[in-house]
Amino acid sequence: MPELPEVATIRRDLEPLLVGRRVERVRIHRGAERLAVTDSPRTLERALAGRRVEAVGRHGKYLLLRLDDGRTWVMHLRMTGSLVHAPADAAPHRFERARIDLDDGTTLRLNDLRKFATWHLVDDPAEAMPRSGPDALSPAFTPAWLLARLQRREVAVKAALLDQAVAAGVGNIYADERSEEHTSE
């Protein structure tokens, strides 16, 4: 599953490809209907067509595409999702679940082996992330914040850090209490 650093890299790579681009068409493929969380797949496809991407952001493990109508397209890749920027005539990947055609003749493809990825189209990104705490790299994630959350819990540090309400974006790899040095002993 992409964790905060991987999603930050995806965001950085997508920003120059998407900002200022208009979405010409979105197709959620048959069998991947659960991708669309806030609307039916066809309604979501229609709502996204013609929208221009104004900014590409991130909160925790979520990608946030701010659109020209003020709404945000919130994407979560979950366990096996990936986004691939490709020419329009590129052959679809075996696990392609959705295709976004852009006004420059390129596409963004969602590939997802297990079909766990989700898309939300919302007025406020918090609607798609109701239990999300501060991003683990944001100024709001302070030692004081973490101490206040940990003082009320009787769980292992790793379990507390994996709680996205405590530290949005931290996953198993980065919360693991063991280091490489200790695992080889």
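Predicted model: local features only at pLDDT ≥ 70, side-chain atom pairs only at ≥ 80, totals over all residues.

Biologist: What makes Arg42 and Glu45 a salt bridge?

Modeller: The closest N and O atoms of Arg42 and Glu45 are 2.8 Å apart. The cut-off for a salt bridge is 4 Å between a side-chain nitrogen of Lys or Arg and a carboxyl oxygen of Asp or Glu, and therefore the pair qualifies. Side chains of opposite charge can pair when their charged atoms come close.

Biologist: How do you know that Arg42 and Glu45 are separated by about one helical turn?

Modeller: Both belong to helix H2, residues 41–48, and they are 3 residues apart there.

Biologist: Why is Glu45 called buried, and what is Arg42 called?

Modeller: Glu45 has 12% relative accessibility. Buried means under 20%, so Glu45 falls into that class. Arg42, at 38%, counts as partly exposed, because that class runs between 20% and 50%.

Biologist: What makes the salt bridge of Glu54 and Arg66 a tie between separate parts of the chain?

Modeller: The closest N and O atoms of Glu54 and Arg66 are 3.1 Å apart. Glu54 lies in strand E2 and Arg66 in strand E3, so the pair ties together parts that are 12 residues apart in sequence. As for accessibility, Glu54 is partly exposed at 38%, and Arg66 is partly exposed at 40%.

Biologist: Which residue does Asp69 pair with?

Modeller: Asp69 forms a salt bridge with Arg71, with 2.8 Å between the closest N and O atoms. Asp69 has a relative accessible area of 31% and Arg71 one of 24%. Elsewhere, salt bridges that share partners join Arg21, Arg22, Glu24, Arg52, Asp103 and Asp104 into one network.

Biologist: Where do the positive and negative charges lie on average?

Modeller: The protein has 29 positive and 28 negative charges, and their mean positions are 5 Å apart.

Biologist: Let us turn to the loops. Why is Gly60 called buried?

Modeller: Gly60 has a relative accessible area of 0%, and the limit for buried is under 20%, so the term applies. Gly60 is found in the loop between strand E2 (53–59) and strand E3 (62–67).

Biologist: Which residues is Gly60 in contact with, leaving aside neighbours within four places in sequence?

Modeller: Gly60 is in contact with Leu4, Val7, Asp135, Ala168 and Gly169. Contact requires heavy atoms within 4.5 Å.

Biologist: What is the phi value of Arg78, and what is that of Lys115?

Modeller: Phi is near 55° for Arg78, a positive value in a residue other than glycine. Phi of Lys115 is also positive, near 60°, again in a residue other than glycine. Arg78 lies in the loop between strand E4 (72–76) and strand E5 (81–87), and Lys115 in the loop between strand E7 (106–112) and strand E8 (118–122). Arg78 is partly exposed at 26%, and Lys115 is partly exposed at 32%.

Biologist: Finally, how many helices and strands are there, and what makes the protein as compact as a globular protein of that length?

Modeller: There are 6 helices and 8 strands. The radius of gyration is 18 Å, close to the 16 Å that the globule rule gives for 185 residues, so the protein is as compact as a globular protein of that length. Buried residues make up 38% of the 185 residues. Among contacts between residues at least 6 apart in sequence, 62% join residues at least 24 apart.

How values were computed: Residues numbered from 1 in each chain as written. Heavy atoms only, no water. Helix = DSSP H or I, 4+ residues; strand = E, 2+ residues; numbered from the N terminus. Rg over C-alpha atoms; globule rule 2.2 N^0.38 Å. Buried < 20%, exposed > 50% of the residue type's maximum accessible area, 1.4 Å probe, protein only. Lys, Arg positive; Asp, Glu negative; His and termini not counted. Charge placed at Lys NZ, Arg CZ, Asp CG, Glu CD.
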